Amino acid sequence: MPKSSSKKKKEKNADFQKTKLKVGKKKVVDPSQETDTSFKSKSIVIPTQSILKQENNVELKNSKNISLSTLLAQLNHHNTGVKKDALSGLGDLIGLHPQILVSQLSLIMDGLCKLYLDEDASVRKKLLQFLTSYLVPIDKKMIDWSPFLHTIVIYLGSAMTHIFEDIRQDSIKFLNCWLQIEPLLAIKFMDQILPNYLNLLKIQNQNLDSANPSGLGLKGNLNQSKQSMWSPTTRVEILNSLHQYLKQLTKFDLPSNWYFSNWVQSDLSLVLDECSEINNYNYLLSNSSSIHNRLSTNQLNQLIQQLNSLFPFLMSTWVELASTQFQHYNLSNRSIPVQLETLSTILQLLILEARLTNSLSNQPNFTKIKKEWLIKFQSIEKSVLIYFPFFNEIEVPNMVKGLVVNMNVMICELVGMFWLYRMDDESKKGSKSEDEDDEDEEEDKTELNLIYQFISELINNESQINLELFKMIQPGIWWLMNSNNLEISSDLLKDLFKFSLNMGGASSQLIKLNCLSFIWRILQIQSHSHYTGTFMVNSTSIKSDFFKFLLDLIDFAFEKVQFDNKGNNKSEYFKLSIKIINWSLLNYPSEELNEVIQKLTSKLEYLLQTDNSALFQQIPLDIQLLLVQLLPNLPNLSDTLNYQLKHWSQQNKILDSTICNRLSQLH
């Protein structure tokens, strides 16, 4: 037994015994126990390939003889001054050699993005100046930013959620720059950017509580707004940045008359041949969902959810600031207070959300959005409308007055949308009880009178109105006309007639032209076979005012009929006038238009006299044709006019052939 035991022991140890090395003898290698790690490689070296060098093989440098590689290395330096100098040098290099920005964009972006998180405020300020001076003005076709957007958004997101407050504050300035440089950033990375805005404002995601329509969680969110601890200036900067971002995100490619789309119900596949200009409403309707084509359904649902979370914060901030601003305004303050600017931005955000609702309400996946907006408006009525019109009894400085007027105009549009949605909602629900009906009618009457009074005063104050303001107020005017209050509709139309004819001065010509164009669109939409609005010009109380307007319009339009061929404002005004007159001839019986026809005939007789051949030829051909198109719609042509038309139809050498053919057809 002992012998066999020792033998087995030796056999086991034999596997682990080391081979003793002898001097002068090489180590025997077992190929099965060792891996050969030796390898060979080849490389291609092209020393003259660097695109940092010019044709003469000299590396591109700035005016201080510093190369790009050196500048990029300095951007990573620990010293603040070195980094600021590197940014200045990089700007100098790009100014001298613009092509380097295209060829070395990857290296440059890698160096710049890290500075969003730099702890020194002066470096971030210098970086913002660099972006504004060298990247914002670049033609978007010159550089494809798409490969770098993901990296940019990662660094921007890190800055927006940084532990240091000043870095978070500067992050929105960098984001504003990049929205100008590459607007695609807004859509492509919405799911990363938008939540960071709410995080900056200390807002938690939440859905609209339909069970509590009046409160909307205001108390909780009021505490949140106080906990955000931003200064008033920083808070308005964040809200302004958010507004600009949402504008870019929900960019509406709609014509100026987008608000008419709610009053035309039509199958989009239907081709309307009623009038070439009315066909524009098909374009309007089909493009009212342009945001649906820009954003996916998931993105739109996320956007709506984020806006629902934002709404209580906006209302609580409004409640916090409104009473001190509107009731205890400091008249010694000649500039725009930050608090008032914040209130204005809140209204802009509400308008944007209301327009988004308007554009999505007819989409099958967003049927509830209109009802949610009605719930929100109950808070707007209680918190915002109680101060309308803002500063009605206080004379504020001129600088502040413009902002206040814009805020009042936005309220008009908000209230108009509310009426539109509520009428639609009530028509679906059916009739209400008499008590509810009387209460709503009284509230509506008060709101209507306030809105009408403001709009009427604004239209009749030439010193206060401007073109941009008049365009902003048109949705409110149109919805006010469809409010089922005939007296207000009639008075408002009178104001428009007066406004389009009586404004004087060269600067007001564009406003007058826009007002006449607005009147023409109001008439056009009533000729649409699918028009659903309640306002009609042919009602008894409005008809007489419209006929008086036509008489004044004929005098005004024919007063100076000499136009050049450049399509100036006078020429456009005359074209619109003829279209409106022609519309009235087609839509009213001739016996009701006796005075209008007589005056129009006398003007045409004078214009078509043989002695005035030079006068008629000075008129652009398109206007000549418009005048000729009036003639078949006149019930009875006088002998004088008949003779003159026959004479003109024979002047083939003088007139355009198209006009001659139209004239000859009359005989």
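Start with Ser 500, which is buried in this predicted model: its relative accessible area is 0%. You'll find Ser 500 in helix H21, spanning residues 486-502. Its side chain reaches back to the backbone oxygen of Phe 497 at 2.9 Å. Beyond the neighbours within four places in sequence, Ser 500 is in contact with Lys 512, Cys 515, Leu 516, Ile 519, Phe 549 and Tyr 573.

Now for the largest nonpolar core, which has 185 residues. The members that touch the most others are Trp 178, Trp 318, Phe 390, Trp 478, Leu 496 and Phe 546. Helix H18 (residues 398-429) gives the largest share, 16 residues. Both domain 1 (61-203) and domain 2 (244-254 + 295-427) contribute residues, so this core lies between them. Take Trp 178: leaving out residues up to four places away in sequence, its contacts include Met 109, Tyr 116, Trp 145 and Pro 183.

On to the rings, where the count comes to 25 aromatic pairs. Phe 326 and Phe 391 are edge-to-face because their planes sit at 65 degrees, with centres 5.3 Å apart. Phe 326 belongs to helix H15 (residues 297-327) and Phe 391 to the loop between H17 and H18, so the pair ties together parts 65 residues apart in sequence. Phe 326 is buried, at 9% relative accessible area, and Phe 391 is buried at 9% too. Another edge-to-face pair is Phe 547 with Tyr 588, 5.1 Å centre to centre and 80 degrees between planes. This one links helix H23 (residues 540-559) to the loop between H24 and H25, 41 residues apart. Phe 547 is buried at 14%, and Tyr 588 at 7%.

Definitions and conventions:
Residues numbered from 1 in each chain as written. Predicted model: local features only at pLDDT ≥ 70, side-chain atom pairs only at ≥ 80, totals over all residues. Heavy atoms only, no water. Core = buried A, V, L, I, M, F, W, Y, C linked by side-chain atoms within 4.5 Å. Buried < 20%, exposed > 50% of the residue type's maximum accessible area, 1.4 Å probe, protein only. Helix = DSSP H or I, 4+ residues; strand = E, 2+ residues; numbered from the N terminus. Domains from an automatic or database assignment. Contact = heavy atoms within 4.5 Å. Polar contact = N/O pair within 3.5 Å; in protein donor to acceptor, adjacent residues only side chain to side chain. Phe/Tyr/Trp six-rings, centres within 6.5 Å; stacked < 30°, edge-to-face > 60°.
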